[in-house]
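Subject: Structure handover

Hello,

Here is the structure for you to look at. Please open it first, then read my notes below.

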Amino acid sequence: MIMKPYKKICNMSGAVIAAVLFMTLYTFGLNTAAEEVTAQPRLEKTVPFIAFYSRSGKTRMTAESLQKKLSCEMGEIVSKKDRTGFLGVFTCVLDQLLDRDDVQDAFPRTLTAYNPIVIAAPIWVGNLASPVRTFLKQTDIKGKDIYIIATYNGKLDAEKEAAIQQFVTAQGCNLKKMYKVITKEKTRQDIDGEVQIIAQELSRDADKKQQVVAR
Ligand SMILES: Cc1cc2nc3c(=O)[nH]c(=O)nc-3n(C[C@H](O)[C@H](O)[C@H](O)COP(=O)(O)O)c2cc1C
């Protein structure tokens, strides 16, 4: 007689537990299915940024031309060293020969949201100009896709070019390509023509990357 209500309660609790278990599994199962249906391929947006250093204006011209074509943002690497005139050039040469760092503030833009980063840089004594090397060392570009556009007068041997590529890669980024633009006696129009080809390649690379991520 005493056992009967107790048995009833036990049966009821069993039913409640079973119902809760069923609801949980049902809801969980539904959520998973819903996630499977709505999961979209993640599109990695490529938002390029151009960083440039220019002492006498040619690299600035190159960077500006690319910025117009890509309609992206751009920032200047600013050296605090006086690099004007004969003494300025002497400072540049010494920085290169002695592998000296530049004196500069931290780059004023945070590059986290951007990829790839295009870096336009003059060649000084067969290497990237000191302000650009310092920028590469002190800016967090780890894991970023990097394009270098080196401007120069046409004198850069293969060994030195390989050393530049090695230095860039050693900063922890993914060097996609190093372009070279000869600026000597070139007009803005000439430079525009060369940059056009670079812009087309960069756009093609961006399209390819988005397709790969979308797959
Ligand atoms: C100190 C110094 C060293 C240079 N060394 C080289 C070099 O080794 N090879 C080369 O082809 N051009 C060299 N150049 C030429 C520059 O790379 C070229 O003029 C570049 O486009 C200048 O860019 P900017 O006008 O933006 O400063 C040198 C220029 C300077 C000032």
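First, a definition: helices (H or I, at least four residues) and strands (E, at least two) are DSSP runs, numbered from the N terminus. This is a predicted model: local features need pLDDT of at least 70, side-chain atom pairs count only at pLDDT 80 or more, and totals for chains, interfaces and linings use all residues. Residues are numbered from 1 along each chain as its sequence is written.

**Overall layout**

The chain has six helices and six strands. Along the sequence they follow the pattern α-β-α-β-α-β-β-α-β-α-β-α. Of the 215 residues, 28% are buried. Buried means that 20 or more other C-beta atoms lie within 10 Å of the residue's own; exposed means 12 or fewer; partly exposed is in between, and C-beta atoms are placed from the backbone. Two residues are in contact if their C-beta atoms, placed from the backbone, lie within 7 Å. Take the contacts between residues at least 6 apart in sequence: 80% of them join residues at least 24 apart.

**The strands**

Two strands pair if DSSP finds at least two bridges between them. Start with strand 3 (117-124). How many of its eight residues are buried? Seven are, so strand 3 is mostly covered. Strand 1 runs parallel to strand 3, with four bridges. There, I50 stands opposite V118. Strand 5 also runs parallel to strand 3, with six bridges. A121 faces A150 in that pair. Strand 4 is antiparallel to strand 3, and two bridges join them. Strands 3 and 4 form a hairpin with two residues between them, and V125 in the turn has a positive phi of about 45 degrees.

Strand 5 pairs with strand 6 in the parallel sense over eight bridges. I146 has L175 in strand 6 as its bridge partner. Strand 5, helix 5 and strand 6 make a right-handed β-α-β unit. Right-handed means that, with the strands pointing away from the viewer, the path from the first strand over the helix to the second runs clockwise.

**The core**

In soluble globular proteins, nonpolar side chains tend to be buried together. A nonpolar core is a set of buried Ala, Val, Leu, Ile, Met, Phe, Trp, Tyr and Cys residues joined through C-beta atoms within 7 Å. The largest one here has 36 residues. Those with the most contacts inside it are I50, I119, A120, A121, V132, I148 and I149. Strand 3 gives the most to this core, with six residues. Look at I148: beyond its neighbours within four places in sequence, I148 touches I119, A121, V168, L175, M178 and Y179.

**Helix 4**

Why is helix 4 largely enclosed by the rest of the structure? Because seven of its nine residues are buried. They are S130, P131, V132, R133, T134, F135 and L136. The buried residues of helix 4 pack against strand 1, helix 3, strand 3, strand 4 and helix 5. T134 counts as buried because it has 20 C-beta neighbours inside 10 Å. T134 and I77 are 57 residues apart along the chain, yet their C-alpha atoms are separated by 9.6 Å.

22 residues surround the ligand, and the closest are S54, S56, K58, T59 and P122. Helix 2, helix 3, strand 3 and strand 5 each give two or more residues to this shell. By class, the shell has nine nonpolar, nine polar and four charged residues. Ala, Val, Leu, Ile, Met, Phe, Trp, Tyr, Cys and Pro count as nonpolar, Asp, Glu, Lys and Arg as charged, and the others, Gly among them, as polar.

Most residues other than glycine have a negative phi, and most peptide bonds are trans. A cis peptide bond joins N115 and P116, with omega about 0 degrees. P116 lies in the loop between helix 3 and strand 3. S71 is not a glycine but has a positive phi of about 50 degrees. S71 counts as exposed because it has 7 C-beta neighbours inside 10 Å. E185 has a positive phi of about 55 degrees, and is not a glycine either. E185 sits in the loop between strand 6 and helix 6.

Best wishes

Conventions: Near = placed C-beta within 6 Å.
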